[in-house]
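Subject: Structure handover

Hello,

Here is the structure for you to look over. My notes on what turned up follow below it.

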Amino acid sequence: MTAEFEPVIGLEIHVELATRRKMFCGCPNTYGKEPNTVVCPVCMGHPGTLPVPNEEAVARAVQLGLALGAEIHPFSLFFRKNYFYPDLPKGYQITQYSASILTGGSLQGVRIERANLEEETAKSYHTETGDVLLDYNRAGIPLLEIVTHPDIRSPEQARAFLEELRLLLIYLGISECDMEKGQLRVDANISVRPVGSGSFGTKVEIKNLNSFRSVEHALRYEWERQAALISSGGTVEQETRLWDEFQKETRPMRSKEEAEDYRYFMEPDLPPLQLSRTWLEEQRAHLPELPEQRRKRYREVYHLSDKVLEALIADPAYGRYFEQLAEGLSRPELAGNWVAVHVLRVLKAEHLSMEDFPLSPDQLRPLLRMIEEERISHSAAQEVFEEMLRTGRDAASIVEERGLEQVSSDASLLPVVRAVLDAHPEIVEKYRRGKTGVLGVLIGAVMKETRGRANPQKVRELLMRELETS
Ligand SMILES: [Zn+2]
């Protein structure tokens with residue numbers, strides 16, 4: 001069914017901005033504090049209080065706009081979105097509505113429609129006894145609402161776009177984008193149409209998407225549901241549906257919550273937001289290296305494989321560690337592999353961030369240098385690495401103590417090689433009759449004799465030389 005219908009998908013993303021303070025008051029922007037302790041008359045909406053926009057939040061929004069190639073409006077407005085709800089002590093939310101700070105721009109070919117500065121509502125908790133508890137600490141935290149055009153054509157593309165946006169937000173330091181903490185939230189709208197058709201079908205909005213994977217699953221479910229409905233002669237209702245993570249299905253939200261009239265009007269307590277050209281230039285000057293720029297540089301400078309490259313790009317801290325580690329190595333790709341494979345394995349297994357990794361780049365580099373110089377094998381290096389993690393001792397002393405240094409000299413290896421050849425005349429005979437594949441057996445025998453310490457490349461060379469000449 002889905003082969004005949006293509007999905008048309010747009011996303012609406014809410015990101016909590018990692019500012020020091022809330023959007024319109026002096027309360028700290030925190031997470032996880034004792035409920036209802038980080039509040040003040042402004043964010044509790046007491047009469048007579050006045051909001052003051054947070055410059056840091058405006059700067060964050062502008063930096064995202066610069067990174068997306070959006071148009072930044074030096075003149076934007078704030079509105080009141082009126083609705084009475086327990087999570088909104090003021091009875092209205094301040095948002096930019098139709099006078100956005102940013103419009104346009106794109107990411108991965110998906111066009112951005114607009115981004116608006118807003119404020120968070122309180123967080124509600126539903127108890128087992130059916131009560132609703134409210135934590136107003138979250139009320140007033142700066143929020144950026146980012147809306148895309150319906151340019152996305154598959155659930156996988158939606159997920160890839162969100163992953164790239166998340167990466168961009170993290171590189172910019174705009175948000176940590178921890179979805180479990182609600183720092184990044186996604187709503188998706190989707191309609192379907194016959195493949196090749198230029199028109200748009202009726203769209204459905206999906207809410208309650210708690211991970212990028214649920215975005216992908218919910219969109220696939222809706223694509224199939226709408227395609228089946230139309231194929232059987234039905235019509236798609238314009239509605240809001242909730243994703244049920246356990247049942248793996250979407251279902252309609254109560255209609256009561258759909259027909260809302262927000263009675264928007266301009267916020268009388270806030271003047272228009274005006275940004276000077278000098279201030280905007282300052283924001284541009286503060287932009288860090290962005291994920292795509294870093295990918296390009298790593299490809300050009302370090303010649304990393306795509307898999308290693310993406311592993312290192314996934315967190316700005318991985319890249320910083322890698323670059324320090326690679327300094328002074330003649331094969332920086334070795335540093336790339338070690339961070340992507342061994343360091344990240346430890347971080348994942350121990351649930352550590354890069355900052356908590358016990359070995360500094362300066363401690364790890366001597367180990368990689370020994371691999372480069374072929375003084376130790378890769379498997380010995382792993383053994384040393386584990387010991388370094390356990391004890392914090394330096395690589396050289398572990399190698400020495402365990403006798404792991406690779407034997408590469410002719411003088412040490414030649415007697416072993418000759419002894420192995422003497423001990424296996426039948427294999428030597430096979431080799432000479434053209435079955436060169438048996439060389440591996442002979443290399444294995446030498447490695448066994450040296451308890452794995454021989455340099456395999458050197459052993460291969462010596463074996464071949466002996467087999468050709470004697
Ligand atoms: Zn406050």
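Start with helices α1 and α4: their crossing is right-handed. Keep in mind that this is a predicted model.

α1 covers residues 55-68 and α4 covers residues 277-285. Their axes come within 9 Å and cross at roughly 65°. Angles of 65 to 115 degrees count as roughly perpendicular, and α1 and α4 are therefore roughly perpendicular to each other. On the α1 side, the contact uses Glu55, Val58, Ala59, Val62, Gln63 and Leu66. They meet Trp279, Leu280, Gln283 and Arg284 in α4. By type, that contact holds six nonpolar, two polar and two charged residues.

Next, the domains. The chain splits into domain 1 (5-282), domain 2 (295-402) and domain 3 (410-469). The centres of domain 1 and domain 3, taken over C-alpha atoms, are 66 Å apart.

The crossing is right-handed. α12 brings Val416, Val417, Val420 and Leu421 to the contact. α14 answers with Leu442, Ala445, Val446 and Glu449. Seven of these residues are nonpolar, none is polar and one is charged.

α14 passes α15 in a right-handed crossing. From α14, the contact takes Leu439, Leu442, Ile443, Val446 and Met447. From α15 come Pro456, Val459, Arg460, Leu463, Met464 and Leu467. The count is 10 nonpolar, no polar and one charged.

Last, the aromatics. The whole structure has 12 aromatic pairs. One of them is Tyr83 with Tyr262: the ring centres are 5.7 Å apart and the planes stand at 65°, so the pair is edge-to-face. This pair links distant parts of the chain, 179 residues apart. Tyr83 sits in the loop between β4 (79-82) and β5 (92-95). Tyr262 sits in the loop between β15 (249-252) and β16 (265-266).

Best wishes

Methods
Residues are numbered from 1 along each chain as its sequence is written. This is a predicted model: local features need pLDDT of at least 70, side-chain atom pairs count only at pLDDT 80 or more; totals for chains, interfaces and linings use all residues. Side-chain values use heavy atoms; hydrogens and water are left out. A crossing is left-handed if the near helix is turned anticlockwise from the far one by less than a right angle, and right-handed if clockwise. Helices (H or I, at least four residues) and strands (E, at least two) are DSSP runs, numbered from the N terminus. Contact means heavy atoms within 4.5 Å. Ala, Val, Leu, Ile, Met, Phe, Trp, Tyr, Cys and Pro count as nonpolar, Asp, Glu, Lys and Arg as charged, and the others, Gly among them, as polar. Domain bounds come from an automatic or database domain assignment. Rings of Phe, Tyr and Trp (its six-membered ring) pair if their centres lie within 6.5 Å; planes under 30 degrees apart count as stacked, over 60 as edge-to-face and the rest as tilted. Axes are lines fitted to C-alpha atoms, for helices over the stretch in contact, and angles run from 0 to 180 degrees between N-to-C directions. Angles under 35 degrees count as roughly parallel, over 145 as roughly antiparallel, 65 to 115 as roughly perpendicular and the rest as oblique.
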